[in-house]
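Please open the model in your viewer and keep the selection panel at hand. The stops below are given in the order in which to select them.

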Amino acid sequence: MDICGDVGCQVITKFCKKLRKLTHRGWVTQMGLISLAQGCPNLDYLEVQLLYISNEALECVGTHLKNLRDFRIWLSNKDGITDSSLDNGVRAMLMGCSKLERLDINNCFGGLTDVGLGYIGKYGHNLRYLCLCNTGESDKGLLELSKGCPRLRKLRLSGCPFSDQAVATFPLNIFPLRYVWVEKRVITRPMVSAEPKLKSIGGPDSVERAFDRACAVAKRVEFLRAIQSEHDELEAKFFEERAALEANIRNYMHHCIQRWVGGGSTPRPTVQPLSLQWARHLSASCKFLPEQPAAATLISQARSTRQTEDLTLRDRNRYDIVTGAVEVDGAKEEDAMDQTDDTEKGVPEFWLTAMKHNEITAEEITERDEEALKYLKDIKWCRMDDPNGFKLEFFFDTNPFFTNSILTKIYHMIDDDEPILEKAIGTTIEWLPGKCLTQKILKRKPKKGSKNAKPITKTEDCESFFNFFSPPEVPDDAEEIEEDMAEELQNQMEQDYDIGSTIRDKIIPHAVSWFMGEANQEDFGVIDVDFKELILQVVAVKCELQKGGNTVAGGEA
């Protein structure tokens with residue numbers, strides 16, 4: 001629309017309260033933006049040209065426009081910022097507009113400092129597209145920005161005071177990034193130059209060190225992608241083999257039924273043997289009785305093949321590369337160029353980033369949790385037979401939050417036709433004093449006239465990923481639970497199992513893809529097959545055929 005300023009905004013809010021998209025090409029002030037935010041709460045797209053802007057207006061956008069996904073602002077002149085900076089306003093806006101996917105800030109001369117760029121990185125969890133024009137102070141701001149925005153795919157910079165090396169470092173830190181557009185600075189900003197700022201963060205060589213470190217991490221990630229590719233090929237082979245194995249079972253069962261019903265006149269079906277590639281992976285967990293010669297032969301062959309397995313796969317261990325225990329070729333040279341004490345090893349924040357890219361686990365991670373999850377160095381899972389279920393293990397480095405080195409989560413399942421969760425058991429976290437992330441301390445002033453002048457402190461539970469290790473408890477006498485409470489308990493258990501199964505089936509086997517931001521929620525199916533049970537069914541059918549007679553019509557039994 002092209003209508004007159006603030007008055008036009010008030011007209012829009014009066015008659016278009018359900019408006020969802022608005023492009024306002026008439027120049028307005030912060031008052032017009034506040035009117036739009038308060039009067040059109042359903043907006044998911046807003047593009048507006050501003051004469052003046054303030055933190056209050058941006059805070060109002062964050063408070064009222066909870067569905068905003070695309071926000072573009074244009075400032076008309078260098079004196080259009082009423083506050084010293086818009087850093088706090090941008091932070092409040094991003095915290096409130098959690099669904100925001102695109103953000104354009106144009107001609108914000110001096111209004112967004114390096115601190116504000118850091119806020120965009122820290123709170124722009126869902127940003128896919130970011131456009132900055134005449135914004136920022138120095139390379140430090142761009143480096144701070146690159147520490148966040150885990151889902152950013154497109155970046156556009158115009159007239160920003162960032163060096164070429166800082167720009168080159170940015171995509172090495174944000175792996176989902178696919179597009180960078182940079183226009184050289186053409187407008188002189190009326191503020192302090194970037195050179196003094198560079199000195200304040202350690203001199204221009206600090207950007208070079210950041211670039212070298214980012215290059216080393218990028219090479220490690222590329223190696224991890226190669227490992228992930230091998231895993232994906234093996235997984236594709238698994239689905240192919242599973243389909244063939246299920247077809248074999250159906251053929252044998254159909255043959256048995258025909259023999260028992262029709263008197264043994266059905267010829268024995270042709271069955272393709274299970275490949276040794278998968279038999280090698282099954283041999284460790286499958287145990288067969290002596291009267292099952294076919295399976296025993298298969299396992300014997302698999303174990304002999306296992307002895308000659310290529311040792312290079314053992315060297316390519318994801319855990320060793322992520323933690324820095326093993327270095328990859330190419331990254332060694334980059335680290336050799338940066339011999340400072342703060343040289344980062346491995347892939348920093350690998351598991352934290354992977355979980356933040358998954359919608360289910362990202363909802364559980366709070367800002368306070370992120371500092372603790374940076375110490376997470378590995379996640380593993382294993383199947384349990386007695387009782388039936390599975391166990392998740394989270395391995396942590398020494399950290400300032402708790403003393404546990406391993407946090408576990410155990411799921412007990414009822415093995416019926418389909419898995420049913422019986423109960424879940426978590427680890428008791430040994431929090432260090434004042435570091436508990438699942439509780440917060442509230443301080444209240446005493447009432448007027450009270451003899452006790454000290455503030456009143458109260459501890460209450462709060463949202464945290466680490467609540468995952470304190471699952472809902474099922475009462476011993478479940479029949480006495482009221483219907484509403486039983487339904488709530490069931491929903492909590494389903495949500496808890498959903499998180500655990502997502503970590504087991506999606507994040508652990510495809511961690512590199514989640515870290516890179518290349519995975520989608522529906523990309524990977526659940527691989528939860530009891531191989532031992534499948535093969536035992538085949539062997540059991542073979543034994544039944546042998547017991548039924550030495551021969552059948554059409555061939556040997």
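Which side chain does arginine 102 meet in a salt bridge? Select arginine 102 together with aspartate 104, whose side chains meet in a salt bridge at 2.9 Å, N to O, where a salt bridge is a side-chain nitrogen of Lys or Arg within 4 Å of a carboxyl oxygen of Asp or Glu. Aspartate 104 is buried, with a relative accessible area of 4%; buried means under 20% relative accessible area, exposed over 50%, and partly exposed in between, with a 1.4 Å probe and protein chains only.

Before going further, note that this is a predicted model, in which local features need pLDDT of at least 70 and side-chain atom pairs count only at pLDDT 80 or more, while totals for chains, interfaces and linings use all residues. Residues are numbered from 1 along each chain as its sequence is written, and side-chain values use heavy atoms, with hydrogens and water left out.

Next, select lysine 409 and aspartate 496, which form a salt bridge whose closest N and O atoms are 2.7 Å apart. Because lysine 409 lies in strand β10 (residues 406-415) and aspartate 496 in helix α18, the pair ties together parts that are 87 residues apart in sequence; helices (H or I, at least four residues) and strands (E, at least two) are DSSP runs, numbered from the N terminus. Lysine 409 is buried at a relative accessible area of 0%, and aspartate 496 also counts as buried, at 8%.

Then move to glutamate 460 and lysine 440, whose side chains meet in a salt bridge at 4.0 Å, N to O. Glutamate 460 belongs to strand β13 (residues 456-461) and lysine 440 to strand β12 (residues 439-444), so this pair ties together parts that are 20 residues apart in sequence. Glutamate 460 counts as partly exposed at 28% relative accessibility, and lysine 440 counts as partly exposed at 36%. For a network, select Arg20, Lys21 and Asp44, which are joined by salt bridges that share partners. Across the whole structure, a search finds 19 salt bridges.

Now select helix α5 (residues 114-123), which is largely enclosed by the rest of the structure because eight of its 10 residues are buried. Among the buried residues are Leu117, Tyr119, Ile120 and Tyr123. To see what covers the buried residues of α5, display elements including α4 (87-96), β4 (102-106), β5 (129-133), α6 (139-145) and α17 (367-373).

Finally, return to helix α18 (residues 483-507) and select glutamate 488 within it, which is partly exposed at a relative accessible area of 46%.

Notes: Contact = heavy atoms within 4.5 Å.
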